[in-house]
Amino acid sequence: MVVIGAGQSGLAASHFLSGRSVDHVVLERGEVANSWRRERWDSLRLLTPNWQSRLPGLRYEGPDPDGYMTTGEVTEFIERFAALSRAPVRTGTDVTSVRRAGDGYHVATSRGEIACRAVVIASGACNQPAVPPFTEAVPASVEQLTPFDYRDPAKLPEGGVLVVGASATGVQLAAELRQSGRPVTLCVGEHVRLPRRYRGRDVLWWMDASGVWDQRYDEVDDLTRARRLPSPQLAGTAERATLDLNALASMGVEMVGRWAAVRDGRALFSGGLRNVFSLADLKMARLLDTFDEWARAHGRDAEVGPPERFAPTRVPSSARLQLDLRSGEIRTIVWATGFRPDYRWLDVPVIDAKGRLDHDGGVVASPGLYALGLPVLRRRRSTFLCGAEDDAREVIEHLTRYLAGPG
Ligand SMILES: Cc1cc2nc3c(=O)[nH]c(=O)nc-3n(C[C@H](O)[C@H](O)[C@H](O)COP(=O)(O)OP(=O)(O)OC[C@H]3O[C@@H](n4cnc5c(N)ncnc54)[C@H](O)[C@@H]3O)c2cc1C
């Protein structure tokens, strides 16, 4: 049995495989928790509170349950889990090909080849930044960065920054860059607005307690859409402050619409910010309604504060529809336009035209092939640290039944 990737998903899979005495190895191209070591910016803290950091048999037990871990602390947490569960990890082992062979798979790596009956793909959902095609039309005088290249504001050239994308990464980087004293313009498309705290509790407490995060993939109305939903506008800071577009506007961040095209060195933005904002406001209000209904129905009203509603997102009086990228106003563009997995090594025909893995709750459309750590894989929380345990348990249950079958 081969597990690809020693992040939280692969290690959780390994934990349950060991529990069922299934002989296996975890292949990792870098080190344990590699993405947290190499692919995150310096100031990043989890947007999930510490008490929510949990893996099978391991919980946060430090002095600050309501705080938010740095990437160094997440790395330590995952390393501790790997050690506790004695995961058989082979680090520095890059999987270069997986193909069907007989009734199993042939796995080629930078350190030799392995034949096995089953493979768990836990190689991550965020292996590469997803950037739109028009990056090539941006004038060479403007530096372009992705969240994989970005480390801290001091490394950017002096001058204005255009941050593209207003999900968790975009709003966090826009705030950090603005606080460093730079003029920041933020391109806003569809986004998920959330308050950091609601009725006196962290909003993710509500997601957890109300069961919203546990909604199963086979109960979600529009699964394709749910799987493409951007990350919420949240940041983990000591002040536990809300980081929505109103907060950014108060810091002096200028909002423009979704980036539509580049023409003659000008970035063209969509209009209609009002609609984009009101949709996000509406969805947030609906979610808060769900929380309120849950609290009422479960007799929890007394232990939390009174229901709250938040001011609508302020629409700028006149959002710019274009920006001349040759004028020198913008020196850097940060593409915070999402991430995607990388399956170039997967030589099994299970990837669709959009690069997505064809799977049903982590059971991939090829016998003995499984996946973990993808958006809404089995639950809404699947890609979060606190989502690895339940998904891995169920996927490994399926896998062990498969291995016990006729081979
Ligand atoms: C910017 C950002 C912020 C996030 N913040 C939070 C947060 O606040 N709270 C939260 O709960 N979640 C957060 N997440 C989501 C999630 O927890 C992380 O994406 C997490 O890293 C996912 O774990 P994973 O094990 O599924 O994948 P990864 O951590 O990406 O692990 C996959 C592993 O597979 C290895 N690998 C990949 N390809 C190969 C190959 N071909 N051969 C060998 N090894 C390979 C990689 O090196 C990596 O170590 C965040 C994600 C991102 C991108």
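1. A residue counts as buried when its relative accessible area is under 20%. Ala-33, with a relative accessible area of 1%, is therefore buried. This is a predicted model, and the points below should be read as notes on that model. Ala-33 is found in the loop between β2 and α2, the latter spanning residues 34-38. Its phi is positive, about 60 degrees, although Ala-33 is not a glycine.

2. Ser-21 also deserves a look at the backbone. Its phi is near 55 degrees, a positive value in a residue other than glycine. Ser-21 is placed in the loop between α1 and β2, with β2 covering 25-27. Is Ser-21 buried or exposed? With a relative accessible area of 66%, Ser-21 is exposed. Ala-33, at 1%, is buried.

3. Gln-8 lies in helix α1, which runs over residues 8-19. The relative accessible area of Gln-8 is 10%, so this residue is buried. Leaving aside residues up to four places away in sequence, Gln-8 touches Trp-36, Leu-55 and Ile-78, and also Thr-383, Phe-384, Leu-385 and Ala-388.

4. The axes of α1 and α3 (residues 71-84) come within 10 Å and cross at roughly 20 degrees. Angles under 35 degrees count as roughly parallel, and α1 and α3 are therefore roughly parallel to each other. Their crossing is left-handed. On the α1 side the contact is made by Gln-8, Leu-11, Ala-12 and His-15, and on the α3 side by Ile-78, Phe-81 and Ala-82. These contact residues divide into five nonpolar, two polar and no charged.

5. Next, the parallel sheet. What is the order of the five strands in this open sheet? The order is β11-β22-β12-β13-β18, and the pairing is parallel. The edge strands are β11 (143-145) and β18 (254-256), each of which pairs on one side only. From one strand to the next the twist averages 20 degrees.

6. Within that sheet, strand β13 (residues 184-187) pairs with β18 in the parallel sense over three bridges. Cys-187 has Val-256 of β18 as its bridge partner. Helix α4 (residues 168-179) packs on the sheet and touches β12 (160-164), β13 and β22 (330-335). The direction of α4 makes about 170 degrees with that of β13.

7. Strand β20 (residues 266-269) and β21 run antiparallel and are joined by three bridges. Leu-268 stands opposite Gln-322 in β21.

8. The hairpin of β6 and β7 is another antiparallel pair. Strand β6 (residues 95-101) and strand β7 (residues 104-109) pair over six bridges. Arg-100 has Tyr-105 of β7 as its bridge partner. How many residues lie between the strands of this hairpin? There are two residues between the strands, and Gly-102 takes a positive phi near 60 degrees in the hairpin.

9. Not counting residues up to four places away in sequence, Val-348 touches Val-98, Arg-99, Arg-100, Tyr-105, Ser-366 and Leu-369. Arg-100 and Tyr-105 are the bridge partners already noted in point 8. Val-348 counts as buried because its relative accessibility is 6%. Val-348 and Asp-23 are 325 residues apart in sequence, and their C-alpha atoms are 23 Å apart in space.

Methods:
Residues are numbered from 1 along each chain as its sequence is written. This is a predicted model: local features need pLDDT of at least 70, side-chain atom pairs count only at pLDDT 80 or more; totals for chains, interfaces and linings use all residues. Side-chain values use heavy atoms; hydrogens and water are left out. Helices (H or I, at least four residues) and strands (E, at least two) are DSSP runs, numbered from the N terminus. Buried means under 20% relative accessible area, exposed over 50%, partly exposed in between (1.4 Å probe, protein chains only). Contact means heavy atoms within 4.5 Å. Two strands pair if DSSP finds at least two bridges between them. Axes are lines fitted to C-alpha atoms, for helices over the stretch in contact, and angles run from 0 to 180 degrees between N-to-C directions. Angles under 35 degrees count as roughly parallel, over 145 as roughly antiparallel, 65 to 115 as roughly perpendicular and the rest as oblique. A crossing is left-handed if the near helix is turned anticlockwise from the far one by less than a right angle, and right-handed if clockwise. Ala, Val, Leu, Ile, Met, Phe, Trp, Tyr, Cys and Pro count as nonpolar, Asp, Glu, Lys and Arg as charged, and the others, Gly among them, as polar.
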